[in-house]
Amino acid sequence: MTSAATTTVTTGYVGWLGLVASLSLVGIAVAISIWQHLGLERSLIWASVRAIVQLLAVGALLAVVFSPHVPLIASWAWVLFMVVFAADTIRRRAPEVPGALGLALMSLGLATVVCLGVLFGLRIFPLNARTLIPLAGMVVGNSLTATVVAARRVVAEFTDKRAEVEARLALGISSRDSARPYVRDALRTAMISQIESTKAVGLVFLPGAMTGLILAGEKPLQAVLVQAAVMFLILGAVATTAAAMSLGLSRRLFTPDHRLVRLARVAT
Amino acid sequence: MTGQDAEDQGTGAPVLAFEEVCVRFGDTEVLRSVTADVADARVTVLAGPSGSGKTTLLRLCNRLEVPSGGTVRFRGDDLALLDPLALRRRVGMVFQRPTLFPGTIAENFAVAAPDGGAEYERQLVAVGLPGDWLDRPADELSGGEAQRACLARTLLTGPEVLLMDEPTSSLDPAATRTLEALGVGLARSGLAVLWVSHDLGQVRRIADACIVLHEGRVADSADAADYLADRDGPGDAGRGGTP
């Protein structure tokens, strides 16, 4: 066996043949779909092809952005694009939320600034293209679902419990205080999933960053340290985006003179 | 008896006055040029068929709604110029369905009066509930008990006006009579009570004055008299039976 072959075995290097071989796993999924008449074969194949194309395109772009000749501003532009794209995704996934796009931009932007500010400000990671883009991706990608949950939950709470909210307002309670119990419920719902994931990490599953580092040949302890920092980053990002979305949205649902606005029903 | 009658009976300046009030939700005109007064120390019933604008008119009084046109006055002051939070503590409201918050009765009262612990038991007794029920979970109360607890919670803010939005619509006859007696008693003790009802029997039992609404307008005296006499007045829809 050559040394190159040895490297392949110990670090989990995947070549083109390996990629093609891994498609056999998609074949299993397609077979199950056919066997159980799920009708998902085309979706599975389309999703797999699309994933490969998207990842290859991203990989090619990353190769350019990671080049030492490309200034860091290009990486920040990438981050901005991710935030805008994620905000638009939130708008589409939560059509009943008034002003969702603006609120999502504000929430994701805030979380990105705060979390990356902590990571780079405290020099937990060095600031360069190789750290900035993946870490910003972690912030935005993991915050997306929590932000949608928080936004939809706030609207549902204020719709379903309108009478309760108005009963509080009618007692002379401010809109902010009247909203607090319902915003709190929405925030808990949005954050609980990430908290549970954080608790289960290492016991139930090995998360992506750690798995990737170990496969790439990094020492387990270093992989664990990086993963822990990433987990805390995600936790902070989810809490920041969910809180910013919930509080920002709850303010939009009241008039300045403490009246609850009427929410239009939207088919979802 | 009309709202104007209330003032005619010499009870002084109206506590609430509606001057050419209009409310529009989108393309729907809910209230059209409503002019009426509500006096202190009496029960004024807002009567009329369903959809006539009674609840909207009531909600204008504590600024849960605002008029599209015209003026609502509280003791002569334009409501739009008053602090809405302070106003709502002076103009309390009991809703159609009992809306107790999660927790005990005491925790509900604490929302209205965080520093009023000594008053809780007295207020509970005043609405006819046992004074030792403060630690009882709110969701264990019957509809009538819950509505009385809501009334007690509202009274803890020390209101001068009590807005009652069809508060007996989900209650049985016995609980209805209890709440009616409480409303009349509060009016006799000096509160202005503005009570929404489309139950003509209830109107007869509790009204010192009555404002009849029909399709967003104050019905004229002949139509109002017909409506209250259960004759072919302004619209039959939603007329309540006599308990």
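Tutor: Helices (H or I, at least four residues) and strands (E, at least two) are DSSP runs, numbered from the N terminus. This is a predicted model, in which local features need pLDDT of at least 70 and side-chain atom pairs count only at pLDDT 80 or more, while totals for chains, interfaces and linings use all residues. Residues are numbered from 1 along each chain as its sequence is written, and chains are lettered from A, with ligands numbered from 1, in the order in which they are written.

Student: What makes β6 and β10 of chain B edge strands?

Tutor: Look at the open sheet of 6 strands in chain B, ordered β6-β7-β8-β3-β9-β10 with mixed pairing. β6 (91-94) and β10 (217-218) of chain B each pair on one side only, and that makes them the edges.

Student: How do you know that β3 and β9 of chain B are paired?

Tutor: Count the bridges: 4 of them join β3 (residues 43-47) to β9 (residues 209-214) in chain B. The definition asks for at least two, so they count as a pair. These two strands run parallel, and B:Ala47 has B:Val212 in β9(B) as its bridge partner.

Student: What packs on that sheet, and which strands are touched?

Tutor: Helix α7 (residues 173-188) of chain B does, touching β3, β7 (161-165) and β8 (192-197) of chain B. Touching means contact: C-beta atoms, placed from the backbone, lie within 7 Å.

Student: Why are β2 and β5 of chain B called edges too?

Tutor: They belong to an open antiparallel sheet of 4 strands in chain B, in the order β2-β1-β4-β5. β2 (28-38) and β5 (77-78) of chain B each have a single partner strand, so one side of each has no neighbour in the sheet. Between β4 (residues 69-74) of chain B and β5(B) there are 2 bridges, and B:Phe74 stands opposite B:Asp77.

Student: Over to chain A. What are its elements?

Tutor: Chain A has 10 helices and 0 strands. It is divided into domain 1 (1-65) and domain 2 (71-252), with bounds from an automatic or database domain assignment. The C-alpha centres of those two domains lie 29 Å apart.

Student: Why are α6(A) and α8(A) called roughly antiparallel?

Tutor: Helix α6 (residues 129-160) and helix α8 (residues 175-200) of chain A pack at about 150°, with axes 8 Å apart. Axes are lines fitted to C-alpha atoms, for helices over the stretch in contact, and angles run from 0 to 180 degrees between N-to-C directions. Angles under 35 degrees count as roughly parallel, over 145 as roughly antiparallel, 65 to 115 as roughly perpendicular and the rest as oblique. Therefore α6(A) and α8(A) are roughly antiparallel.

Student: How many residues of each class make that contact?

Tutor: The contact of α6(A) with α8(A) has 11 nonpolar, 2 polar and 3 charged residues. Here Ala, Val, Leu, Ile, Met, Phe, Trp, Tyr, Cys and Pro count as nonpolar, Asp, Glu, Lys and Arg as charged, and the others, Gly among them, as polar.

Student: At what angle do α6(A) and α10(A) cross?

Tutor: At roughly 35°, with the axes of α6(A) and helix α10 (residues 220-252) of chain A coming within 8 Å. Their contact has 15 nonpolar, 6 polar and no charged residues.

Student: And how many residues of chain A meet chain B?

Tutor: 14 residues of chain A are in contact with 16 of chain B. The chain A side divides into 6 nonpolar, 3 polar and 5 charged.

Technical notes. Two residues are in contact if their C-beta atoms, placed from the backbone, lie within 7 Å.
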